[in-house]
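Morning, everyone. I'll walk through it piece by piece.

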Amino acid sequence: ATGSAGGANLVPKTLVLSQSPGSYTASNNANFGLAYVYAGGGGGGAGGNHPMQGGGEGGVGGEGGMGVFGFPISGGESHNYTIGGGGSGGNTNGPITNGNAGASGQASTLTNIGTANGGSGGPRQGGPASDGAVGTAPGASFADATADAKKIYSGGVPYGSGGTGGSRMNPGGAGTVGDHGALMIYENTGE
């Protein structure tokens with residue numbers, strides 16, 4: 001059976017994984033959209049660079065924010081988007097010195113609809129209990145930046161994961177890059 005006006009089933013319209021900016025244009029018969037916006041994760045912090053493995057491990061980068069945004073649309077309406085990259089990992093600075101914190105992930109935005117903010121970079125030599133702050137998604141109908149929630153809404157892929165912290169050793173290990181964000185848009189054009 002065909003859905004009533006505004007009540008048709010949601011079907012996938014757009015999946016964006018590239019960090020190149022672009023534009024989404026609504027289908028002619030759509031009047032409601034649902035966007036899943038994932039920000040970039042923070043880079044992992046560098047581990048301690050001390051003899052005899054005396055330094056601490058670097059902190060894990062914060063998970064990029066994830067938000068679900070529902071919005072009314074008109075057929076042919078366009079919205080620009082940007083997809084946030086992951087933050088770079090912290091690097092080491094040589095023997096018997098502290099490494100650097102990881103960089104924050106970048107925000108992902110669907111213009112005039114919603115934004116998810118990137119996770120903070122992992123601190124240098126922070127240890128497992130000192131991770132980067134998780135990103136947010138202000139104004140979202142639903143927001144949860146945990147890896148498990150992201151997997152549920154993305155088919156098992158936790159977009160915007162934080163980078164791992166560097167190991168403690170001589171020399172100290174560098175943190176890894178955070179994962180990039182993503183954008184998925186559904187429209188009520190199904191039967």
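**A walk through the model**

Let's start with a loop. Asn112 sits in the loop between strand S6 (108-110) and strand S7 (114-116). One reminder before I go on: this is a predicted model. Is Asn112 buried or exposed? Asn112 counts as exposed, because its relative accessibility is 73%. Now look at its backbone. The phi of Asn112 is near 65°, a positive value, and this residue is not a glycine. Why point that out? Most residues other than glycine have a negative phi.

Next, the sheet. It is an open sheet of five strands, in the order S1-S9-S3-S4-S8, and the pairing is antiparallel. The edge strands are S1 (11-16) and S8, and each of them pairs on one side only. For anyone new to this, strands of a sheet pair through backbone hydrogen bonds. Take the S1 end. S1 and strand S9 (residues 182-187) run antiparallel, joined by five bridges. Find Leu15, and opposite it you'll see Met184 in S9.

Phe142 lies in strand S8, residues 142-143. Phe142 is partly exposed, at a relative accessible area of 32%. Which residues does Phe142 contact, leaving aside its neighbours within four places in sequence? They are Met66, Gly67, Val68 and Tyr153. Pick Met66. In sequence, Phe142 and Met66 are 76 residues apart, yet their C-alpha atoms are 8.4 Å apart in space.

On to the helix. Helix H1, residues 147-154, lies across strand S3 (32-38), strand S4 (66-72), S8 and S9. H1 runs at about 140° to S3. Which residues of H1 are buried? Ala149, Lys150 and Ser154 are. They cover an arc of only 120° around the axis, so they lie on the same side of H1. Asp148 and Ile152, on the other side of H1, are exposed. What do the buried residues of H1 pack against? Strands S3, S4 and S9. Just after H1 comes Gly155, with a positive phi of about 75°.

Now the nonpolar cores. The largest has 18 residues. Those touching the most other members are Tyr24, Ala35, Phe71, Tyr81, Leu110, Leu183 and Ile185. S3, S4 and S9 each supply at least two residues of this core. A second, separate core has eight residues, including Tyr36, Met66, Val68 and Met184. You've met two of those names already: Met66 and Val68 both contact Phe142.

Not counting residues up to four places away in sequence, Ala35 touches Gly67, Val68, Phe69, Phe71, Leu110, Leu183, Met184 and Ile185.

Next, rings. How many aromatic pairs does the structure hold? Three. I'll show you two. In the pair of Tyr24 and Phe71, the ring centres are 6.4 Å apart and the planes stand at 85°, so the pair is edge-to-face. Tyr24 lies in strand S2 (residues 22-25) and Phe71 in strand S4, so the pair ties together parts that are 47 residues apart in sequence. Tyr24 counts as buried, because its relative accessibility is 1%. Phe71 is buried too, with a relative accessible area of 3%.

The other pair is Tyr38 with Tyr159, and this one is edge-to-face, with 5.5 Å from centre to centre and 70° between the planes. Tyr38 is in strand S3, while Tyr159 is in the loop between H1 and S9, so the pair links parts of the chain 121 residues apart. Tyr38 is buried, at 0% relative accessibility. Tyr159 is buried as well, at 10%.

One last stop. Glu63 lies in the loop between S3 and S4. Is Glu63 buried or exposed? Glu63 counts as buried, because its relative accessibility is 18% and the cut-off for buried is under 20%. Look at what surrounds it. Leaving out residues up to four places away in sequence, Glu63 touches Gly41, Gly119, Ala133, Val134, Gly135, Ala145, Ala147, Lys150, Gly160, Ser161 and Gly162. One of those, Lys150, is among the buried residues of H1.

That's my tour. Over to you for questions.

Key
Residues are numbered from 1 along each chain as its sequence is written. This is a predicted model: local features need pLDDT of at least 70, side-chain atom pairs count only at pLDDT 80 or more; totals for chains, interfaces and linings use all residues. Side-chain values use heavy atoms; hydrogens and water are left out. Helices (H or I, at least four residues) and strands (E, at least two) are DSSP runs, numbered from the N terminus. Buried means under 20% relative accessible area, exposed over 50%, partly exposed in between (1.4 Å probe, protein chains only). Contact means heavy atoms within 4.5 Å. Two strands pair if DSSP finds at least two bridges between them. Axes are lines fitted to C-alpha atoms, for helices over the stretch in contact, and angles run from 0 to 180 degrees between N-to-C directions. A nonpolar core is a set of buried Ala, Val, Leu, Ile, Met, Phe, Trp, Tyr and Cys residues joined through side-chain atoms within 4.5 Å. The arc is that of the directions from the helix axis to the C-beta atoms. Rings of Phe, Tyr and Trp (its six-membered ring) pair if their centres lie within 6.5 Å; planes under 30 degrees apart count as stacked, over 60 as edge-to-face and the rest as tilted.
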